[in-house]
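Here is a short briefing for a first look at this structure. Start with the display, then work through the points by topic.

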Amino acid sequence: MSFLELSNITKRFGTFEALRGISLSIERGSFVSLLGPSGCGKTTLLRIIAGLETPNGGSVVIDGSDVTRLPPEARKLAMMFQSYALLPHMTVLDNVRFPLRMQGSSSTADQRQRAHEALALVKLDHLADSRPRQLSGGQQQRVALARAIVYQPRVLLLDEPLSNLDARLREDMQIELQDLHHRLGLTTIFVTHDQEEALSLSDRVVLMRDGAVERDAPADEIYDDPGTPFAADFLGAANVLKVLVEPSGVRLSNGQMLTIGQAPKNGEALLILRQEDLSLGEGTLSLDGIVEARVFMGTRVRYVVRVGDDTIRVLTDRDQSAQPGDRITVGFSPERARWAR
Amino acid sequence: MTHLSKGALVAVAASLLAGTAMAQETFVINSFGGAYEEAHRRLVIEPFEQMYNVEVEVVTAYSADALAQLRAQAENPQFDVIHFSGGQEVTAAAEGLLAPITPDQLSNYSQLYPFAVEGLEQGQGPVYSVAVLGLLSDGEAAPTSWNDLFSASNGEDVAIADITNTYGLLTLLMLNQVRGGTLDDIQPGLDAVTELLDNGAQILSSSPEFQQAFAQDATSLAAYAQDYAYTLQQAGLPIDFVQPAEGSPGIYITANVVAGRPNEELARAFVDLSISAAVQAGWAEALRYSPTNSTVELPVDLAGQVVYGDEAAANLVRFDPVVVNAQRSDWTDDWNRAIAQ
Amino acid sequence: MPHSLRPAERGAGAFGESILLIGPGAALLIGAFLFPVGQILVLSIVPPEEGLSIWTNFARFFEDDYYLRVAWRTFRLSVIITLVTAMIGFPLAYVVARTPRVVGYTLLLLTVLPLMTSVVVRTFGWIIALGRGGPVADLLSLAGLGARDATLLHTETGIVIAMVQVLLPFMTLTTLGVISTIHPHLEEASRTMGAGFYRTLRHVVLPLSVPGLVSGSLLVFALSISSFVTPNLVGGVRLPVMAGAIYQQATSTLDWNFAAAQSTLLLAAVLGLLIPYLALTRRRHG
């Protein structure tokens, strides 16, 4: 049995089914992302793990003991909120000390010592005596992080912790989070709607959709092979083409025939092509299309190309150049093609 | 009959009565509002209008207020007949605001008890009814004396009124008299009240509180007004009224003729009607006020509920209103100090 | 400050419009508050006889054991009423803020309902409820807290009970206003950090509700120290409080100057609490 076992969790809010039987096994020390669009149930699932919501069915087992009916304070977890939830009437140090104080396991001096250490870990020890509202958003975030890790929780739950930060700070925090994870080895569950964040931070991505798990795989694997049209679309950067598999090859909507190995059996199928696996010009396989738009992105350029009834996106280097309206050829190698299941 | 012709008739009648050719002015009196004014209209005002063919305008003004208005209008009086219940006629007469009445001007004069007309010499009007203070008993005890308040089997069952209520003031003065005090020295009365309180007696300030106390069985013996005993009986409570052997003080209600009005003769006719046996019997019937007319005959059932008859009338006690009004403020202060816990 | 509007840019009529807007409120304040209060101040320093010090009426108050006892009772009861109101009002406000709307607002409505009935009707209700044989006295005797025939009428406990009911809405509403601004995440965070429900209430919600509790307490204290209908009717004439004594002096014994002096002292007591509070909150909010 894994460190954290979720079995067949269901949750309803009125008539709305937020979770439809979620089962997950999470290993000790792993970093798992719950990814999905808003309303998919990822935050509800996190809150059920934390004990802030009670599931209608199913069980939560941590380290071999069933905690489904335990109140949050008895679970020895830590949760970091999107709003940071720092206590405004306490200093930064007292905020970080708060969980130690509530668990009352050691002397005040020892608690202060450990709170200072946790603050040092996020490089904020010099602001120990400030009030939360005197801090910038990024600093508040790191205080919240220090407070979450100060008492070595069994599981660290992060609810969209980076979504209130600007792009620069977010990148810094991602690095800091990864660094902390490597140093402390805390079992971490991270809720996000940002696929890049999920892919870059976690060992494993659980993609959720409408209260169910759509795809559950290691980050690189899910990226390379999204597996479903939804996953391909949500993880972004992939084109999904509706094709017809015939004995002689694969027929596109513009009538073009391609020869791709490992094609499923005859009939309609969905072909997944990552946009960075495509390039302008002839390849091993080629698609004919018309440029609809060109988006300049600094180091790279994205083209939107119409191929028959489908619109595909192509991410290329800057040196390749075409203008909207140009008839072009898009090339790729067959081993980069994936099929939706 | 049109309004105009009715008005003309009134004018003719008035000119005949007054012996002048002056146009009829409105005939204005005061009354005390509520159930009192209702009975007042039925017993006196409407019959008077019929008999003398005048229209009477009733202004609701309590005694103190009525005196204040009378003073303000000294140069140009607006009332023809004014009623007082708090001894204000003494002041009003002394200030020359009232027109003296001689015995021969009242056809019912000889029927009144002497106490009811003793003010005529000083220029005051006659007393036409008395609201009597006595003992209200729920039947458990059969009190006969004011001293029975002190010997009640359960001191907590005794209630008296606060001094801000006229009945409370009269209770104090009556107890004072029973204990040998005088209006110059009310200490015996205050001591008596203190003794009652030490026995557990309650002081209530308003009539509804007495009703409440009797209804909740919190009181079985109270010093309060006879007319209110009737109200309690109407409410279904088995309350008897007793006039103690030492006599009962009362609230004396007088009808006075205002000086400086053109219709003095008509006003005297109004006063004369007010003291008639028929009207007084009506007051006794309606509000259980004691008649001051010795010829009043009450049915047996009513007679038991009203202080009535030669002997009972002789037992009515009247404290000098001049002294009472002058001392009231000081007595209130003494009372407050005596009763405060 | 290039973005701020200087007066000239607000339009020529702005000054006149401001006067127009502030006019009714100012007229009401001056006519219905400042003027009578000024009159009371003047009355209070008029001595009963010519030639005596302007402090004569005040001296009479402080030299008389009776008035000092009345003042002490008024103050003591107001403190107790304020504390009890806070102890009931805080949890009530919390429940209203944190339960589903329908439940919370029903509770709130029940709390506020007494404000919509006349004080006299409500107080007579209490007279029945607190009197001998009434439900409150019965409950207390059932709980073994008093004789079978007990009555809370004409007791200080009775005054406190009736006043707490009247003033509870003020405490609940001011506290509710503050609690509603406390983000529920703070409590959830506290729970995940190992604080149970009650410790979260104690360490998170309560300290953050202090501004609401303080203004609610000031309001309740000021209202209870100056109330007289309920204390007089429920407490009876033997438990006089200051406002009742003032009322009696003004209406029954007609000693307006002494009544004014007592009113002035009452006003001073309320201001003595209010001004430090206002100064404190002003400093805190810069």
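Domain bounds here come from an automatic or database domain assignment. On that basis, the centres of domain 1 and domain 2 of chain C, taken over C-alpha atoms, lie 23 Å apart. The model is predicted.

**Domains of chain C**
- Domain 1 of chain C covers 75-239, and domain 2 covers 243-286.
- Where they touch, domain 1 of chain C puts 10 residues in contact with 9 residues of domain 2 of chain C.
- On the domain 1 side, α9 (197-225) and α10 (229-235) of chain C are the elements that give two or more residues.
- α9(C) gives the most to that side, with 5 residues.
- No charged residue is found on the domain 1 side, which has 7 nonpolar and 3 polar residues.

**Helix pair α7 and α9 in chain C**
- Two packed helices are described by the angle between their axes and the distance between the axes.
- Helix α7(C), residues 156-179, packs with α9(C) at an angle of about 145°.
- The axes of α7(C) and α9(C) are 8 Å apart.
- The crossing of α7(C) and α9(C) is right-handed.
- From α7(C), the residues that meet α9(C) include M163(C), L167(C), F170(C) and M171(C).
- From α9(C), the residues that meet α7(C) include V205(C), L213(C), L219(C) and L223(C).
- The contact of α7(C) with α9(C) has 12 nonpolar residues, 8 polar and no charged.

**Chain C with chain B**
- This contact takes 21 residues from chain C and 19 residues from chain B.
- On the chain C side, α3 (65-98) and α5 (119-130) are the elements that give two or more residues.
- α5(C) supplies the largest share of that side, 3 residues.
- By class, the chain C side that touches chain B has 8 nonpolar, 9 polar and 4 charged residues.

**Chain C with chain A**
- Here 15 residues come from chain C and 17 residues from chain A.
- α8 (184-192) and α9 of chain C each supply at least two residues of the side that touches chain A.
- The largest share of that side, 6 residues, comes from α8(C).
- The side of chain C that touches chain A divides into 7 nonpolar, 5 polar and 3 charged residues.

- α9(C) gives 5 residues to the side of domain 1 of chain C that touches domain 2 of chain C.
- α9(C) also packs with α7(C).
- α9 of chain C supplies at least two residues of the side that touches chain A.

How values were computed
Residues numbered from 1 in each chain as written. Chains lettered and ligands numbered in written order. Predicted model: local features only at pLDDT ≥ 70, side-chain atom pairs only at ≥ 80, totals over all residues. Contact = placed C-beta atoms within 7 Å. Helix = DSSP H or I, 4+ residues; strand = E, 2+ residues; numbered from the N terminus. Nonpolar A, V, L, I, M, F, W, Y, C, P; charged D, E, K, R; others polar. Axes fitted to C-alpha atoms, helices over the stretch in contact; angles between N-to-C directions. Left-handed = near helix turned anticlockwise from the far one by under 90°.
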